[in-house]
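Thanks for coming, everyone. I have one structure to show you today. Here it is.

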Amino acid sequence: MIGPVTDRTPPGLGAPPAWAWALAGLVAGLAGVAASHAAAMALTLRESPLISVGQGVIRLTPGMVADGAIGVLGAGAKVLLVAVIVALLPLLFALAGLLARRSLWWSALVFTALGAVGVAAAVTAPGAGTVDLLPVVAGVAVWVVVFPLLTGPLRHLARWAAEPRSAPAEPHRHRTRRGFLVGAGLTAAAAVVLGAGGQLLGRQRRRVDQVRRLLRLPVTRPVLPAGARLDVEGITPWQTPTDRFYKIQTALVPPAIDPGDWSLRIHGRVEEEVTLTYQQLLALGLTESWVTLNCVSNPVGGPLIGNAWWSGVRTADVLALAGVQDGADGVLQTSDDGWTCLTPLDALTDDRGALLAVAMNGEPLPIDHGFPVRTVVPGLYGYVSATKWVVDWKVTRFDDDEGYWTSRGWGVRGPVRIGSRIDLPADGSTSATRTVTAAGLAWFQGTGLSGVQVSLDGGGWQDAEVGASGRADELVDAWAQWRVVLDAAPGQHRLRVRAVAADGTPQTGEQRDVLPDGATGWHQVDFEVSDDADQPDDGADAG
Ligand SMILES: Nc1nc2c(c(=O)[nH]1)N[C@H]1C(S)=C(S)[C@@H](COP(=O)(O)O)O[C@H]1N2
Ligand SMILES: [Mo]
């Protein structure tokens, strides 16, 4: 009936029914799970939180029970476990909703407990990192925001039912009831969109990562060359672990390319256009070497440099298949994501050993480092050479083409500069002893070093001990570790380092910015030797 209702028993002064409270809990709960799932998928974590909780239960259940259950139910036990979790959750969410009739704190207790289970599952997963916590955080955040919002109208209605005199007029109460239903409906819809959207997010990447993990390449594991590593506590490792290797790319989402779908097209100033598949590339045979890769935008003392064992096919062999025409002097490399660089042809054809790399540190390239194929050219900065996800090579001339960064003001050819860095002592640190071990890295890929020198407090340059790499005759494309033991009096100190090139030329102290072709200048750190530092062992100062 439509019309005035003032002459009837005021409707809607009854307390909200239990199902409304349960619904609020259910909808808020599912929204949290959906957000959590979407976050896990967007971060391309391997598992959705529900699965991790299932895994966590299996891990944390006392051996006998879990083994027994899995023994009886076989692989189906895991599925069953997830099914139980999936069935249990809505009940707990509904319970959280019902508890809000008494107090939001009771509901919070349920959500907190569920969040804690999620956190426990996430942090105990093998190889878990901070990032694995993010989906749980996203889910709990949604609960914290959505649940009070959804139950707000219900709490008003409940209060009005308890104190009818404080209740507003029916149109207002009607709006409140409708507000609850609309809110619940919208939240449920958002949860569905979020959950389904999350499922799509990163799906290709997870699939390709799976292919990558199953890939067996004819590569060797890295074996550290004798003498390259110096024995200094806390020194930067000579081989950069893959997961600590710096990453630079313009693409927001790195391309995820199945090797089966990959090919490299070589065209332009060639005798014959060639398109290579992944299998055809591998069939050319792999070579392997240590190469230190660095970024032109690495500031003096900066972290954008790493040393890895690369396995790949020589670019010279690949170009030979197509046959380069006279007059060409560059190769315009294009990535699947559209990024380009123009690499000097001679760097790809001379005997420096430039590679189309397929593996890094003995494993297929990680997606973020260019899977399935990227270019690695010793002696050139990454921005003119190290194309990740490379799919196209146009043999060309520097007069005719330009790469992505070069067209934005960076140098055209991008040869690496000689460089060095102090990693120990840390800048601003205090030493408890007068004996201070300084250590770090130096590099001049392709050219080589003859030494590394340090200067304490502006004094003369003294030679450091240098590991067996980075020399013209030893691993010329890899960096070298160096160390020197200093005797420093209590007080403030400043240490500088410089590398010396194979021909005896020391690294310049002139400070220049990274733009346009790489920073120059000596790296320096300030450190302190504490006043109560021990006297040196030789007792020179002993009275
Ligand atoms: N497709 C693509 N490849 C790229 C880049 C890029 O932005 N996109 N950046 C380059 C730069 S500037 C550097 S220093 C190296 C970094 O390689 P890494 O991320 O494997 O360390 O990749 C090069 N290759
Ligand atoms: Mo770079």
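Start with strand S4, residues 305-314. Nine of its 10 residues are buried, so the strand is largely enclosed by the rest of the structure. Buried means under 20% relative accessible area, with a 1.4 Å probe and protein chains only. Strands here are DSSP runs of E, at least two residues, numbered from the N terminus.

A word on the source. This is a predicted model: local features need pLDDT of at least 70, side-chain atom pairs count only at pLDDT 80 or more, and totals for chains, interfaces and linings use all residues. Residues are numbered from 1 along each chain as its sequence is written, chains are lettered from A and ligands numbered from 1 in the order written, and side-chain values use heavy atoms, without hydrogens or water.

Back to S4. Tryptophan 309 in S4 stands opposite tryptophan 290. Tryptophan 310 stands opposite methionine 360 in S7.

Now the ligand. Polar contacts are pairs of N or O atoms within 3.5 Å. Tyrosine 246 puts a polar backbone atom 2.6 Å from an oxygen of ligand 1. For threonine 250, a backbone N or O atom lies 2.8 Å from a ligand 1 oxygen. Arginine 374 uses a polar side-chain atom, at 2.9 Å from an oxygen of ligand 1. Alone, ligand 1 exposes 530 Å², and the protein buries 99% of that. Those areas are Shrake-Rupley values with a 1.4 Å probe.

Key: Polar contact = N/O pair within 3.5 Å; in protein donor to acceptor, adjacent residues only side chain to side chain. Buried < 20%, exposed > 50% of the residue type's maximum accessible area, 1.4 Å probe, protein only. Helix = DSSP H or I, 4+ residues; strand = E, 2+ residues; numbered from the N terminus. Pairing = 2+ DSSP bridges.
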